[in-house]
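Reader: Could you walk me through this model, one question at a time?

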Amino acid sequence: MSELKLCQGSRCHTYKTKDRLKGQKDNKTFQTRRRSSMYYGDNFCSMNCYNDWANEFIDRAIDHFGRLTEPKHLTEQNAWQKTYDWRASADDSHRYYFINGITKEQRPLTEDQYNDTNYTLNERG
Ligand SMILES: [Zn+2]
């Protein structure tokens with residue numbers, strides 16, 4: 001059995017649903033949900049819990065990881081996106097390629113390059 005994760009919503013236990021009511025007969029309390037997987041941001045049991053966390057902590061999280069202070073610009077140099085045509089090849093495999101969102105130029109990709117999240121044609125920074 002996989003390990004259960006606790007919902008990280010700071011108010012999860014305050015939503016009084018039947019499934020949150022746990023404990024012995026005379027000692028039941030509403031508790032934070034536990035799940036084997038969380039579908040909202042991988043850490044929250046519901047959109048409500050996700051929003052509760054975001055409302056409380058999002059500014060601190062953005063400040064911690066770096067707040068944008070200037071708009072970013074999409075240019076030819078950073079507009080490459082990976083994509084594929086579903087089962088476009090003669091052997092029924094997908095055809096993988098880069099497409100530039102500005103110039104519409106296409107460049108071929110192997111499946112390994114497609115799956116490698118570090119592989120890009122975009123300039124960093
Ligand atoms: Zn929750």
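Reader: Happy to start. What kind of model is this, and how are residues numbered?

Author: This is a predicted model, in which local features need pLDDT of at least 70, side-chain atom pairs count only at pLDDT 80 or more, and totals for chains, interfaces and linings use all residues. Side-chain values use heavy atoms, with hydrogens and water left out, and residues are numbered from 1 along each chain as its sequence is written.

Reader: Where in the chain do cysteine 7 and cysteine 49 lie, and how many residues apart are they?

Author: Helices (H or I, at least four residues) and strands (E, at least two) are DSSP runs, numbered from the N terminus. Cysteine 7 sits in the loop between strand S1 (5-6) and strand S2 (21-22), while cysteine 49 belongs to helix H1 (residues 47-65). The pair links distant parts of the chain, and the separation is 42 residues.

Reader: Is cysteine 49 buried or exposed?

Author: Buried means under 20% relative accessible area, exposed over 50%, and partly exposed in between (1.4 Å probe, protein chains only). Cysteine 7 falls in the buried class as well, and cysteine 12 has 0% relative accessibility. Cysteine 49 has a relative accessible area of 0%, so this residue is buried.

Reader: How many disulfides are there?

Author: A disulfide is a pair of cysteine sulfur atoms within 2.5 Å. By this rule the count is 0.

Reader: Which residues make up the largest nonpolar core?

Author: A nonpolar core is a set of buried Ala, Val, Leu, Ile, Met, Phe, Trp, Tyr and Cys residues joined through side-chain atoms within 4.5 Å. Contact means heavy atoms within 4.5 Å, and beyond its neighbours within four places in sequence, cysteine 49 is in contact with residues including Cys7, Cys12 and Phe44. The largest core has 6 residues: Cys7, Cys12, Met38, Phe44, Cys45 and Cys49.

Reader: How do phenylalanine 44 and tyrosine 50 pair?

Author: Rings of Phe, Tyr and Trp (its six-membered ring) pair if their centres lie within 6.5 Å; planes under 30 degrees apart count as stacked, over 60 as edge-to-face and the rest as tilted. The whole structure holds 8 aromatic pairs. In this one the centres are 5.3 Å apart, with 65 degrees between the planes. The pair is edge-to-face.

Reader: Which aromatic cluster includes Phe44?

Author: Phenylalanine 44 is buried at 7% relative accessible area, whereas tyrosine 50 is partly exposed at 33%. One aromatic cluster is formed by Phe44, Tyr50, Trp53 and Phe57.

Reader: What sort of pair do tyrosine 96 and tyrosine 114 form?

Author: Tyrosine 96 lies in strand S6 (residues 95-100) and tyrosine 114 in helix H2 (residues 111-115), 18 residues apart. Tyrosine 96 is buried at 11% relative accessible area, and tyrosine 114 is partly exposed at 24%. Their ring centres are 4.7 Å apart with planes at 45 degrees, so the pair is tilted.

Reader: What is the phi of aspartate 42?

Author: Aspartate 42 lies in the loop between strand S4 (34-35) and H1, and at 49% relative accessibility this residue is partly exposed. Although not a glycine, aspartate 42 has a positive phi of about 65 degrees.

Reader: And what is the phi of lysine 104 near?

Author: Lysine 104 is found in the loop between S6 and strand S7 (106-108), and is exposed at 55% relative accessible area. Its phi is positive in a residue other than glycine, near 70 degrees.
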